[in-house]
Structures are given as structure tokens and as C-alpha cells.
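Please keep the sequence and the structure in view while working through the numbered points.

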Amino acid sequence: MPYIMKYILLIFMSAVIIAAWIVEPPQSQLGSVSRIFYFHVPAALISVLAFGFALYNSIAYLKTNEIKYDFRSASSVELGLMFCILATVSGAVFAKAAWGAYWNWDPRQTSIFILILIYGAYLALRSALDNEERRASLSAVYAILAFVTVPFLVFIVPRIYPSLHPEDTIVGSGGEMQLTGMVAVIFWISMVCFAIMFYWLYSLQSRIELIVRKRLKEI
Amino acid sequence: MVKKVRIIVAVILIAVFGYIAWTSFGEQMTPYVDFAQARQSHKTVQVIGQLVNGHSEIDPSTGELKFTLREENTQDILNVIYTGGPKPGNFEQADKIVAIGRYENGVFVSNQLLVKCPSKYQGMDYEEGHGDGV
């Protein structure tokens with residue numbers, strides 16, 4: 001990642017954190033607790049981006065058989081899980097304040113739980129295979145299959161079952177943007193910051209895994 | 001040719017996997033049972049509905065909160081008594097209310113309520129009716 005991006009990220013992420021606390025809360029009835037919206041929603045959506053990266057890299061691995069794509073896919077899944085867990089924990093805290101319970105198996109809570117299990121199984125699968133090529137090709141196939149569930153679990157389930165989770169908050173059912181004013185500005189800058197942060201962690205993690213592999217071969 | 005067959009097999013596999021995911025998750029995805037099931041069940045269940053007429057009353061002798069929920073799809077009506085304490089905040093403004101409890105003697109007795117807030121994330125301006133529309 002270009003060096004200057006890190007400074008841009010520093011400035012904008014700081015601005016988002018400060019603005020999220022200073023500007024009026026995004027949801028007037030909930031008040032200040034709704035400020036977590038600026039971090040909870042981007043974390044959840046970036047996990048989808050991360051699983052998309054895993055899908056892309058898995059297809060690239062099966063096409064080229066280059067091991068670097070396998071490591072990139074694994075890094076994407078690890079980060080996707082991290083963002084899922086951040087979304088789940090921040091969501092549980094938010095739910096306690098907004099609904100009255102940390103956890104009640106609301107459709108959105110159930111679907112992210114299943115998503116974590118599905119991608120957790122990817123890591124379990126990898127750790128069970130010693131042969132590098134076998135591990136790479138099997139986990140690539142698994143990552144492609146796993147992604148089939150993502151649109152269903154993330155975008156469809158909360159809309160077809162009655163839920164306490166707000167729906168159509170960002171994009172309306174007709175595809176129109178719902179956020180307005182400062183809420184929209186802070187939210188979208190936060191989304192871009194989360195995306196840059198993901199990409200930074202992703203490129204670092206992919207490189208670390210390749211270096212570890214090289215060192216292990218030298219021993 | 002072999003490659004083409006492989007891609008076809010892969011697409012079929014993905015379609016089948018997607019279909020299984022779609023159908024098998026179905027019922028397990030929601031903890032909420034409909035009102036008709038809640039009446040027959042003797043277990044603790046969760047029901048979800050809208051507050052009828054925005055109306056609720058507190059029984060002065062017992063301090064219990066009484067209100068009626070309407071189910072979105074069936075328009076079915078369920079009388080609820082909440083025994084779990086004071087009325088939750090935002091109760092009247094809630095889009096939907098979840099009651100956790102059991103159906104006993106013609107009424108749903110709940111000891112925990114969850115409330116859903118409207119999904120408008122548009123700041124204070126929106127509430128006052130002059131969103132700047134940026």
C-alpha cells in the first residue's frame with residue numbers, strides 16, 4: 001500500500017472518531033448509543049468485502065496454481081472473521097441498549113453466527129491439511145462454496161423474517177440512498193476508512209504468511 | 001472440453017449448495033413464532049408484533065403492563081401482560097415489540113420485552129421535519 005495512504009487513513013479515521021462523538025447522534029430516539037452505528041455497520045459490511053477477496057483469490061488460485069493466492073485467500077478469511085466478530089460484539093452492546101437484550105437469536109444475530117461458523121470451518125479445514133497443494137486447492141473450493149451463503153445470510157435473511165434489526169437503513173428497498181446530511185458524510189468516510197484499513201491489514205498478513213513459508217522451507 | 005465440463009459441474013454444485021443453504025436454514029433463522037403457535041405452545045416463546053393503537057395500561061393493583069400486539073402478516077391479535085417491571089423506554093415509539101413469555105389462560109404472560117426502534121438514521125434534523133437533504 002502506498003506510504004501516503006497510511007497518513008490519509010490516520011487523518012480521516014481520527015476525523016471520523018471525533019465527528020462521531022461531536023456531531024448529533026444519528027438516530028434521534030436512541031440518542032447517543034446510536035453513535036456506534038458509524039463503526040458497527042462498516043465492520044459488518046467490510047467482512048463481506050473480505051469474504052469477496054477470499055472468493056476472488058480462491059478462483060485465481062484454481063486458475064493459476066500460484067501459492068500466493070492461497071495465502072491471500074486465507075488472510076482474507078482471517079480478517080473477514082475478525083470484522084464479523086467486531087460487528088457481533090458491537091451489535092450485542094448496541095442491542096442491549098436499543099432493544100433490551102444482548103442476544104435473543106434475532107435473524108441477523110443467527111445469520112452472522114452461522115457465517116462465523118462457516119468461515120471458522122475454513123480455518124479448521126486448513127489446519128487439518130499438511131500437504132500444501134492439497135490444502136490450497138481444497139480450501140479454495142471451500143471458500144468458493146462458502147461465499148454462496150454470504151448474500152443469503154447478510155442481505156436476504158434479515159429482510160424476509162421479522163426482525164428487531166433495522167432494515168433498509170443504508171439503501172432503501174427501491175435502491176435509493178437513505179442517509180442524509182452529516183450522518184451520510186460521516187458514515188461513508190468511515191466505510192472508506194474501514195476498507196483502506198482492511199486492505200492494509202490484508203496486504204501485511206498475506207506478506208507475513210509468504211515470509212513464514214519461505215523461512216520454514218529454509219530450516 | 002474437460003475444462004468446460006469442470007465448470008459446468010462446479011456451477012451445478014454451487015447451485016445445489018445454495019439451494020440447500022436456502023431451504024435448510026429457513027425455520028431456524030427466526031426465534032419468533034406466530035401468534036397461533038404461541039397459543040398452542042406451553043413453552044416459553046418469542047412473539048413479534050406491533051402495538052395496537054399505541055395504547056397500553058398499567059394495572060394499579062399489580063403494576064403489570066397490559067397491551068395488545070398485532071401480527072404483521074396475519075393481522076392476528078394477541079393480548080399481552082408484562083410482569084417484568086417498569087415499561088421499557090421508547091415503548092410507544094417502537095416499530096415492533098418482541099414479548100418473551102408463555103400463553104396462559106387466554107393471555108400471553110411475558111417477563112421480558114424487546115423494542116425495535118425506527119430505522120431512520122438521519123440525525124436530529126430529520127426528526128424536526130427539515131432534513132437538509134445533502
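1. The structure is a predicted model, and the points below should be read accordingly.

2. Helix α2 of chain A covers residues 37–64, which amounts to 28 residues. From its first C-alpha to its last it reaches 40 Å, close to the 40 Å expected at 1.5 Å a residue. Within chain A, α2(A) also has the highest confidence, at a mean of 97.

3. For chain A the mean pLDDT is 92, and 100% of its residues reach 70 or more. Confidence in this chain is lowest in helix α5 (residues 132–160), where the mean is 91.

4. The mean pLDDT of chain B is 81, with 88% of its residues at 70 or more. In residues 126–134 of chain B the pLDDT falls below 50, although this stretch has 16 contacts in the model beyond near neighbours in sequence. The model as a whole scores ipTM 0.75 and pTM 0.86.

5. Chain B is assigned two domains: domain 1 spans residues 1–30 and domain 2 spans residues 31–116. Taken over C-alpha atoms, the centres of domain 1 and domain 2 of chain B are separated by 40 Å.

6. Five strands of chain B form a closed barrel in the order β1-β2-β3-β5-β4, and their pairing is mixed. On average, neighbouring strands of this sheet are turned by 55° against each other, direction ignored. As background, strands of a sheet pair through backbone hydrogen bonds, either parallel or antiparallel.

7. One pair in chain B illustrates the antiparallel sense: strand β2 (residues 65–70) and strand β3 (residues 77–82) are joined over six bridges. Here B:Leu65 stands opposite B:Tyr82 in β3(B).

8. Where the chains meet, 35 residues of chain B are in contact with 35 residues of chain A. On the chain B side, the elements giving two or more residues are α1 (2–25), β1 (45–58), β4 (96–104), β5 (107–116) and α3 (123–127). The residues on this side of chain B comprise 19 nonpolar, 10 polar and six charged.

Methods: Residues are numbered from 1 along each chain as its sequence is written. Chains are lettered from A and ligands numbered from 1 in the order in which they are written. This is a predicted model: local features need pLDDT of at least 70, side-chain atom pairs count only at pLDDT 80 or more; totals for chains, interfaces and linings use all residues. Domain bounds come from an automatic or database domain assignment. Two residues are in contact if their C-beta atoms, placed from the backbone, lie within 7 Å. Helices (H or I, at least four residues) and strands (E, at least two) are DSSP runs, numbered from the N terminus. Ala, Val, Leu, Ile, Met, Phe, Trp, Tyr, Cys and Pro count as nonpolar, Asp, Glu, Lys and Arg as charged, and the others, Gly among them, as polar. The expected span of a helix is 1.5 Å times one less than its number of residues. Two strands pair if DSSP finds at least two bridges between them. Axes are lines fitted to C-alpha atoms, for helices over the stretch in contact, and angles run from 0 to 180 degrees between N-to-C directions. pLDDT is the predictor's confidence in each residue, from 0 to 100.
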